[in-house]
Amino acid sequence: MEPTRDSPNEPAPRGHACPICGAPVASETPSFPFCSARCRMADLGRWFGGRYTVSRDVTEEDLTEGP
Ligand SMILES: [Zn+2]
């Protein structure tokens, strides 16, 4: 059996996936392309806070980052 398609005019239901948690995000979501404001902030924190803490201390994670 073939999968049923509702309407060829509608955008692909797969749409977009949240870059943070991978949840499907509808293009009508206010926080698009993130599934929620929370993930939006998480992405910001990754950019902002991520580099901030790197120059602060060398953690075990840093040491295991190599090959
Ligand atoms: Zn998310």
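Is Ile 20 buried, partly exposed or exposed, and why? Ile 20 counts as partly exposed because 18 C-beta neighbours sit inside 10 Å, and a residue needs 20 or more to be called buried. Keep in mind that what you're looking at is a predicted model.

**The overall picture**

Let's step back for a moment. Of its 67 residues, 6% are buried. Take the contacts between residues at least 6 apart in sequence: 3% of them link residues at least 24 apart.

How confident is the predictor? The average pLDDT for the protein is 76, and 58% of the residues score at least 70. Among the elements, β2 has the highest mean pLDDT, at 94, while helix α2 (residues 60-63) has the lowest, at 72.

**The loop between the strands**

Now back to Ile 20, which lies in the loop between β1 and β2. Leaving out residues up to four places away in sequence, Ile 20 touches Phe 34, Cys 39, Ala 42 and Asp 43.

Pro 19 belongs to the loop between β1 and β2 as well. Pro 19 is partly exposed, because 15 other C-beta atoms lie within 10 Å. With residues up to four places away in sequence set aside, Pro 19 touches Pro 33 and Asp 43.

Then there's Cys 18, found in the loop between β1 (16-17) and β2 (24-25). Is Cys 18 buried or exposed? Cys 18 counts as buried, because there are 20 C-beta neighbours inside 10 Å. Beyond its neighbours within four places in sequence, Cys 18 is in contact with Ala 23, Val 25, Phe 34, Cys 35 and Cys 39.

**Across to the helix and the next loop**

Helix α1 spans residues 37-54, and Arg 46 is found in that helix, α1. Arg 46 is exposed, because 12 other C-beta atoms are within 10 Å.

Between β2 and α1 runs another loop, and Pro 33 has its place there. What kind of peptide bond joins Phe 32 and Pro 33? The bond between Phe 32 and Pro 33 is cis, with omega at about 5°. Pro 33 is also one of the residues that Pro 19 touches.

**Apart in sequence, apart in space**

Here are some residue pairs, each with its separation along the chain and its C-alpha to C-alpha distance.

| Pair | Apart in sequence | C-alpha to C-alpha |
|---|---|---|
| Ile 20 and Cys 39 | 19 residues | 5.9 Å |
| Cys 18 and Cys 39 | 21 residues | 7.9 Å |
| Pro 19 and Cys 39 | 20 residues | 8.3 Å |
| Arg 46 and Ile 20 | 26 residues | 9.9 Å |

Definitions and conventions:
Residues are numbered from 1 along each chain as its sequence is written. This is a predicted model: local features need pLDDT of at least 70, side-chain atom pairs count only at pLDDT 80 or more; totals for chains, interfaces and linings use all residues. Two residues are in contact if their C-beta atoms, placed from the backbone, lie within 7 Å. Helices (H or I, at least four residues) and strands (E, at least two) are DSSP runs, numbered from the N terminus. pLDDT is the predictor's confidence in each residue, from 0 to 100.
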